[in-house]
Amino acid sequence: MTTETTPTPVAADSVLSGRHRPGGPAVKPFRRRLGPWLYLAPLLLFIGVFKVWPTVWGVYLSFFHVRPYLGNEYVGTANYAKLFSDPDLRSAVVHTLFDAVFAVSGSIFVGFWLAVLLQGPARHVRILRTAVFLPTVIAMVAAAELWTTLLYPSPYGSVNSLLGKAGIGPEPFFNSPHSALASVILMQIWKNAPYDMVIFVAGLASIDREMYEACQLDGATRWQRLRFVTLPSLRPITTIVLVLGIIRGLRVFTEIWVSTNGGPAGSSESVVTFLYRQFSQNNDTGYAAAIGTALLVVTMVLTCLMLLWRRRKDI
Amino acid sequence: MRIRTRAGVWLLYALVVFVFVYPLWTVVATVFSKRQAKLGAMMNVPHGLTGANVSQAWHLGVARGLLNSLIVVAVGLTLQLTVSSLAAYALARKRFKGAGIVMLAILATMMMPEEVIAVPLFQVLGKIHQPFTGGTLVNSYGGLILPLVGWALPVYVLTGFMKRVPLELEEAARIDGAGDFHIFWRIVLPVCRPALGTCAVFGFLMIWDQYLLPLLVSQSPKMDTLTVVVTSLQASQEQGEGVRLAAVLILAVPGVLVYLALQRLFERGLLSGSLKG
């Protein structure tokens, strides 16, 4: 049906399997060679137009001073020079790294203990796991709006009224430069720890039971069992979750933009909120494009390093 | 680890539920409470039931936002799954020159999330003109939807799944004279239903979660998606937090429903995505 050439046995065979076999004809019919690309075309079109084009366009824009209606003015590497000397961007980078490291490692820590507490196939822990997982599936915007209410900086706020009963506070949380970023991290841990929990529950289930039995025979305490069997077995997964999480954390935007808007006084500004501010409030599109390009390069380098390292370690 | 008693364990369960679930309950309680507490305060139990907060939020743009979000998620998810499964079919079942490079290129787009390329993407959307209306993709459903269609995760998951579909199934159909597309549509795709379900859950949450893209693309309240509407609502002294939280609740509920309905598919996808991906 697809081949109108003379039906030699070899051709019939390649039609049957849909694959080119060694020893078959060297030149496949045109339609057969085209086939896979027809199936790939829609995806490649979408990726080309909405991913590759903007990426290339961003690199191009980063060399310009973008002026609407007046035409773009070529400025060479001025945007990049600004990028390296801008103290506001530097503090945004510091906040972003701080946020990524603490939110991700905090989530892993809490997620691990949740998994230890709620592991296993018993019905009641399964129900509890489902319930605890809910913060993960609500939209980030909803979580951020919820937490701005929970952490409302008056004595009536939910968390402050609890703290008040213990004789602490009221704390300003998102409203003070000293605690805004920490409050964002707290919210991120609340939202992401259950996600890590599910990964650790699977990790715990895959640990060989015989290792635990051997421990028991050797008279190991519960703590030793955790320290010398559980933690080493989970190390590869933990490292992957940590590295992927930090790379993903470099582009944090929604939770900060919604809860603190980068404030107060820029104390929780991240790289992407800073980038968006350059575009939407300072009208400096070229500079925003340069920051985006730099962030993309950093992400790519880190991802490649991680892939290489994973290949070397074979995990 | 030192807690040995059952009571201690149940105490920890209670603590965990209090931290992770109770805040969500207080949203529900506050939204449906007739009497509102002071600004910033939330209710532990509703004082007199009312739907007034929901209906007020509904008229303050939530209705339009919900409609837009539903349109975006329905069209976006359909396109995303169609495009991904077509590509996955070629990558998993065909051997051709360049397959490895294509897969690598697709995975590389994982490193180009909306946040990083947002600004140039916005300008690109302003260059693309739509058929019929002649306007650009800025401030249009096309602009809200199309950038989300090409996503590496479903391609990756579906390719992996399709590779494990036995070749014999396909060969039997080929002998019966079935064409390539027929085999894809009638044989391979139905077998992949679980993987498609997983991708649908993740795609739904990914599209529903979008914030920066609609923030850029939408230029009028008419095109705002629900996430943008929710962040534009303010709490006020008279209404308390009720109306604002009603919008938050409407934004949160679909994700929860999708998760509860398709929980098994979701957890499987989560594990394959983070352990192998």
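**Close-up views of a predicted two-chain model**

**View 1. Chain A, overall.** Of the 315 residues in chain A, 38% count as buried. The model shown here is predicted. Chain A holds 13 helices and two strands. Take its contacts with a separation of 6 or more: residues 24 or more positions apart account for 63% of them. The model as a whole scores ipTM 0.89 and pTM 0.87.

**View 2. The two domains of chain A.** Chain A is divided into domain 1, residues 9-61, and domain 2, residues 80-313. Their centres, taken over C-alpha atoms, are separated by 40 Å. Four residues of domain 1 of chain A are in contact with six residues of domain 2 of chain A. On the domain 1 side of this contact, two residues are nonpolar, two are polar and none is charged.

**View 3. Helix α13 of chain A.** This helix covers residues 285-313 of chain A and has 29 residues. From its first C-alpha to its last it reaches 42 Å, close to the 42 Å expected at 1.5 Å a residue. Which residues of α13(A) are buried? They are T285(A), G286(A), Y287(A), A288(A), A289(A), A290(A), I291(A), G292(A), T293(A), A294(A) and L295(A).

**View 4. Chain B, overall.** Chain B has 14 helices and zero strands. Of its 277 residues, 45% count as buried. Its C-alpha trace spans about 70 × 65 × 35 Å along the principal axes. Among contacts in chain B between residues at least 6 apart in sequence, 70% join residues at least 24 apart.

**View 5. Confidence along chain B.** The average pLDDT of chain B is 86, and 93% of the residues score at least 70. Where is confidence lowest in chain B, and where is it highest? It is lowest in helix α14 (residues 263-276) of chain B, at a mean of 64. It is highest in α6(B), at 94. Where pLDDT is low, the predicted coordinates should not be read in detail.

**View 6. The contact between the chains.** Chain B gives 74 residues to the contact and chain A gives 70 residues. Helix α5 (residues 114-125) of chain B supplies the largest share of the chain B side, eight residues. That side of chain B divides into 49 nonpolar, 13 polar and twelve charged residues.

**View 7. The largest nonpolar core.** This core has 153 residues. The residues with the most contacts inside it are A142(A), A87(B), A247(B), V248(B) and L251(B). Helix α8 (residues 180-205) of chain A gives the most to the core, with 13 residues. What does A87(B) touch, leaving aside its neighbours within four places in sequence? A87(B) is in contact with Y39(A), L40(A) and L43(A) in chain A, and with V155(B) in chain B.

**View 8. L148(B) in its loop.** L148(B) lies in the loop between α6 (141-145) and α7 (152-163) of chain B. Is this residue buried or exposed? L148(B) is buried, because 22 other C-beta atoms lie within 10 Å, and 20 or more are enough to count as buried. Not counting residues up to four places away in sequence, L148(B) touches G76(B), Q80(B), I207(B) and Q210(B). A178(B) is 30 residues from L148(B) along the chain, and the C-alpha atoms of the two are separated by 33 Å.

Definitions and conventions:
Residues numbered from 1 in each chain as written. Chains lettered and ligands numbered in written order. Predicted model: local features only at pLDDT ≥ 70, side-chain atom pairs only at ≥ 80, totals over all residues. Contact = placed C-beta atoms within 7 Å. Helix = DSSP H or I, 4+ residues; strand = E, 2+ residues; numbered from the N terminus. Nonpolar A, V, L, I, M, F, W, Y, C, P; charged D, E, K, R; others polar. Domains from an automatic or database assignment. Buried ≥ 20, exposed ≤ 12 C-beta atoms within 10 Å, placed from the backbone. pLDDT = per-residue confidence, 0-100. Expected span 1.5 Å × (residues − 1). Core = buried A, V, L, I, M, F, W, Y, C linked by C-beta atoms within 7 Å.
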